[in-house]
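Please read the briefing below alongside the sequence and the coordinates.

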2 protein chains.
Amino acid sequence: MTEVTDRISRRQVDKFAERRAQLATSALRTLSELGYARTSLREIAQNSEFSHGVLHYYFRDKVELITACVRQYKAECVTRYDELVVTATTAEGLRKDFADALATTCREDASMHRLWYDLRNQALFEESFRKDVLEIDQTLELMIWRVVTTYADLADRPLAVTPSTAYGLLDGLFTQALLRHLAGVPNATEDLAAAAHQTLPKLLQR
Amino acid sequence: MTEVTDRISRRQVDKFAERRAQLATSALRTLSELGYARTSLREIAQNSEFSHGVLHYYFRDKVELITACVRQYKAECVTRYDELVVTATTAEGLRKDFADALATTCREDASMHRLWYDLRNQALFEESFRKDVLEIDQTLELMIWRVVTTYADLADRPLAVTPSTAYGLLDGLFTQALLRHLAGVPNATEDLAAAAHQTLPKLLQR
DNA sequence: TGGATGTTTGGACAGTCGTCAAGACTTTCT
DNA sequence: AGAAAGTCTTGACGACTGTCCAAACATCCA
């Protein structure tokens, strides 16, 4: 008996979670187009296949929806460069591949990244976003750290920076490139690749 | 006759510009507290000594007001570290003073800086902000470049990075520290000082 | 002093916002 | 089959938004 109801409720929970994820994906698309300040629940619903009322069936309020978006975003981006890490055989190869991958991401996922920066900024004002944002930020830092430590290992030289410094430095380059790329500055992403390529060795001890 | 009216109209223009600046200052205070997404014209007016209607007497619309705020912000921040540059006598002294100044700014002007990052992010979505934001960003880059070149001169070693790379790297450290500081992470600004102190020499050729 | 000009107020407007709830529709179980 | 539970739509609500305007107020010169 309990097994049956458990199975049922689990199935329902799964369906519930599935639809939540589906709505969060729609919301992410809208948010990445308009930005946090200009995105309304009705706009999100309009870009999905549901009406605006359904959002309050799956999410308590707007904050919970946005939070779910942030969490979903995290899942799909924190392993972005892991493929590079496991296939890397030489320091120079990883250095070049990572720099190029940064540039490609900046070019092709520009909208999603400007949303991440937007939400991260909201956390500077709204306390309710901080926990999730800091958690993602930490995960991104670790992702970068995997790249950097692998690079150091392959180069057989010790690192000269902390994980947080490495992340801060590279993230700064990316932010800058994203702004220029979206503003139509020529060669913004190529410059990012060059700058990252130039920066990686500086993270190692001489 | 024309001289008189010129004098009058100039005086009126000055008064007009003065009030604009006064309102922009009020708006900046409100924006830095609430962030772009949560700031309304009525809220801005309420934090000033005027009613909400007056904003439309001095600014065509909200975009023009925000733009005026951005321009005003620029004027007061682009010379922030110039004092350091002109008084610096040794590379090590400048290195330490700059790192400490970054940390102090992050601690004491946190609200204003989160606003800058917020508005810079709006430019990623809203085309109308881009021109002014890119102009400020360029000015900030030059401000950092003055520090970095002076540091290189005093150290008597050539630089190994472009102005844009130097700015991107240091800005990334600052952004990260600002988030952590506002989130209440202990030692966030001290870590910023340490990271910047550690980073400066890496911008020089070995 | 009186009239013209410049400045400020406060209310009204048409929209939009997040939220909610009543009811219709669907699916599921007995 | 019919009842029960889950899902979705639709319309409404009060609050808030940017914008505009008529009228009140202040300042100025003739």
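Helix H2 (41-46) of chain A and helix H1 (2-34) of chain B each supply at least two residues of the surface near DNA strand C, where helices are DSSP runs of H or I with at least four residues and strands are runs of E with at least two, both numbered from the N terminus. This is a predicted model, in which local features need pLDDT of at least 70 and side-chain atom pairs count only at pLDDT 80 or more, while totals for chains, interfaces and linings use all residues. Residues are numbered from 1 along each chain as its sequence is written, and chains are lettered from A and ligands numbered from 1 in the order in which they are written.

**Surfaces near the DNA strands**

- DNA strand C is surrounded by 19 residues, of which Ser40(A), Gly53(A), Asp61(A), Phe50(B) and Gly53(B) are the closest; a residue is near a molecule or strand if its C-beta atom, placed from the backbone, lies within 6 Å of it.
- The element that gives the most to the surface near DNA strand C is H1(B), with four residues.
- By class, the residues of the surface near DNA strand C are six nonpolar, seven polar and six charged, where Ala, Val, Leu, Ile, Met, Phe, Trp, Tyr, Cys and Pro count as nonpolar, Asp, Glu, Lys and Arg as charged, and the others, Gly among them, as polar.
- Around DNA strand D there are 20 residues, and those that come nearest are Phe50(A), Ser51(A), Gly53(A), Ser40(B) and Asp61(B); helix H1 (2-34) of chain A and helix H2 (41-46) of chain B are the elements that give two or more residues to this surface.
- H1(A) gives the most to the surface near DNA strand D, with four residues, and this surface divides into six nonpolar, eight polar and six charged residues.
- An unreviewed UniProt entry lists residues 40-59 of chain A as "DNA-binding region"; UniProt positions are given in the numbering used here, feature names are shortened, and annotations may be inferred rather than shown by experiment.
- The span of residues 40-59 of chain A is 50% helix and 0% strand, and its end C-alpha atoms lie 14 Å apart.

**Chain A as a whole**

- Chain A has 10 helices and zero strands, and its C-alpha trace spans about 65 × 45 × 30 Å along its principal axes.
- Of the 206 residues of chain A, 37% count as buried, meaning that 20 or more other C-beta atoms lie within 10 Å of the residue's own, whereas 12 or fewer make a residue exposed and counts in between make it partly exposed, with C-beta atoms placed from the backbone.
- Among the contacts in chain A with a separation of 6 or more, 65% come from residues 24 or more positions apart, a contact being a pair of residues whose C-beta atoms, placed from the backbone, lie within 7 Å.

**The two protein copies**

- Chain A can be laid on chain B with an RMSD of 0.0 Å by a turn of 180° and a shift of 0.0 Å along the axis, so the two copies are related as by a two-fold rotation axis; the superposition is by least squares on the C-alpha atoms of residues with pLDDT of at least 70 in both.
- Gly172(A) is the residue of chain A that comes closest to the rotation axis, with its C-alpha at 1.7 Å.
- In the interface, 35 residues of chain A are in contact with 36 residues of chain B, and H9(A) gives the most to the side of chain A that touches chain B, with 12 residues.
- The side of chain A that touches chain B has 16 nonpolar, 11 polar and eight charged residues.

**Buried residues and their contacts**

- Phe174(A) is placed in helix H9 (residues 163-182) of chain A and is buried, because 21 other C-beta atoms lie within 10 Å.
- Not counting residues up to four places away in sequence, Phe174(A) touches Leu102(A), Cys106(A) and Leu192(A).
- Val70(A), in helix H4 (residues 62-77) of chain A, is buried, because 23 other C-beta atoms lie within 10 Å.
- Leaving aside neighbours within four places in sequence, Val70(A) is in contact with Leu119(A), Asp132(A), Val133(A) and Ile136(A).

How values were computed
Contact = placed C-beta atoms within 7 Å.
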